[in-house]
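Me: I would like to learn how to read packing and strand pairing from a set of coordinates, taking one feature at a time. Could you take me through an example?

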Amino acid sequence: MTTVKTDAFWMPFTPNRAFKAAPRMVESAEGIYLTEKGGRQVIDATAGLWCSNAGHCRSEIAEAIHQQAQKLDYSSIFNFAHALGFEYAERLVQHTPKGLDKVFFTNSGSEAVESALKIALQYHRARGQAGRTLFIGREKGYHGVNFGGISVGGLPPNFQAFGQPLNVAHLPHTLDIKRNAFSKGLPEHGVELAEELERLVAFHGAEQIAAVIVEPFAGAGGVVLPPKGYLQRLRALCDQHDLLLIFDEVISGWGRTGSAFAAIEFDVIPDMITSAKGINNATVPMGAAFVSNPIYNTIMDAAPEGGVEFYHGYTYSCHPLACAAGMATLDIYEREGLLTRASGEIGHHWEQALHSLADLENVIDVRNYGLVGAIELDAPVHLKGKLGAKANALAWEAGVMTRGIGDAICLSPPLIIEPHEIDTIVDRLRDVIKMCAAV
Ligand SMILES: Cc1ncc(COP(=O)(O)O)c(C=O)c1O
């Protein structure tokens, strides 16, 4: 039992009372391992919150942050700047899809989403279409917790207490276990769900719609992969109706799918990409919206000469410590080939290992892509929608950090993981899943 006082800290997205009655405390981390106070090691099979892509406590990143803190800890980023921010932006766009060459820095994924939504509105206004104010999100979508993000998001607990104050409509989600159970890679069925966009356009009118925002694969909604051809169809419909397409790649970016971005992996280029987390290995809060050149140029050209073009930004946008961490992270990604590693042998091993669990009676679906995956369990009636949380607790006891979502065990290990470590995760989860059958 921990001796730390737990009264003051109101924990986010956590059942505070239950947690404080039985806290799970992590004391240190290295590579893919977390260590508890007593020294017990747990495999971090979720890369923290889908973010420590290069593994924990990389010394190069720690050193870069340390050096930067002694050189320039902070300086205003409104009307002043530091060269590091420009250098970092130039390096980032070497990895973004061609044409998404402008970077608007934020401090989180939620802020990246808010920024992208505002950019979309301002873009339409700048080209004389200020009536385009409706955003189309998707059921099961997660776009952070700010008011724009929960409006376009599609996870009811996140908006039920607060409302969805933006003007929004939602596409249906694409999870179809009946037709797509045990898909390896992208599921075969469901491309027709993209046609729902056509219906929403007909209903609301294209002239009302600013943008469509989706995660290429839904993460916090339970690792829901896009059916084959689905994202291509969304892109085609957006082009047809002159709507912007925003990919929220806060999770799917930075190597998770086997390419730097899912947009590259799936060969569908949106008009904006939102990013955070793996952008600097989650070491210092940072996010970004990557924006197409036409959007940027339209907004610049419409503003009066010498005036502020976009009334938006954060005190900590482009924070020097976050940039230094980001530069060091890119060094590691590039040197170790991490941004494409998941598309090689390790991704294949991951797929085989996860699908080996399909023989368990209470496993009703295994889905995977790159180095992300989910194992869907058949929950007894009294635990429907809650078995993932139960499995999560059992997995922690078994020495694996997982993410329980609904009745699924979701996994997204650091991209440095080795085959034998994947095997250990799967061995431990086999026991956990058997225990879940008995709850
Ligand atoms: C797709 C997506 N967008 C936005 C966010 C919000 O990011 P943050 O928690 O950094 O605000 C997340 C977080 O998990 C996410 O998965």
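Predicted model: local features only at pLDDT ≥ 70, side-chain atom pairs only at ≥ 80, totals over all residues.

Me: Which residues of helix 15 are buried, and on which side of the helix do they lie?

Reply: In helix 15, which spans residues 345-355, the buried residues are Ile346, Gly347, Trp350 and Leu354. They cover an arc of only 100° around the axis, so they lie on the same side of helix 15. Among the elements that cover these buried residues are helix 14 (338-341), strand 11 (363-369), strand 12 (372-377) and helix 17 (419-437).

Me: How should I describe the way helix 15 and helix 17 pack?

Reply: Two packed helices are described by the angle between their axes and the distance between the axes. Here helix 15 and helix 17 pack at an angle of about 20°, with their axes 10 Å apart, which makes helix 15 roughly parallel to helix 17. The contact is made by Ile346, His349, Trp350, Ala353 and Leu354 from helix 15, together with Pro419, Ile422, Asp423 and Val426 from helix 17.

Me: Where is Val366 found, and what does Val366 touch?

Reply: Val366 is found in strand 11, and it counts as buried because 22 other C-beta atoms lie within 10 Å, where the cut-off is 20 or more. Leaving aside residues up to four places away in sequence, Val366 touches Phe182, Leu354, His355, Leu357, Ala358, Gly373 and Ile375. Val366 and Cys410 are 44 residues apart in sequence, while their C-alpha atoms are 9.9 Å apart in space.

Me: Which way do the residues of strand 15 point?

Reply: In a regular strand the side chains alternate between the two faces of the sheet. In strand 15 (residues 408-411), Ala408 and Cys410 point one way and Ile409 and Leu411 the other way, and all are buried.

Me: How do strand 12 and strand 14 pair with strand 15?

Reply: Strand 12 pairs with strand 15 in the antiparallel sense over four bridges, and Ala408 in strand 15 is the bridge partner of Glu376. Strand 14 (residues 403-405) also pairs with strand 15 in the antiparallel sense, over three bridges, with Ile409 of strand 15 as the bridge partner of Gly404. The hairpin of strand 14 and strand 15 has two residues between the strands, and Gly406 takes a positive phi near 60° there.

Me: In the open sheet of four strands, what is the order, and which strands stand at the edges?

Reply: The order is 1-2-3-13, with mixed pairing. Strand 1 (26-30) and strand 13 (400-401) stand at the edges, each with a single partner strand, so one side of each is left without a neighbour in the sheet.

Key:
Residues numbered from 1 in each chain as written. Pairing = 2+ DSSP bridges. Buried ≥ 20, exposed ≤ 12 C-beta atoms within 10 Å, placed from the backbone. Arc of directions from axis to C-beta. Contact = placed C-beta atoms within 7 Å. Axes fitted to C-alpha atoms, helices over the stretch in contact; angles between N-to-C directions. Parallel < 35°, antiparallel > 145°, perpendicular 65-115°, else oblique.
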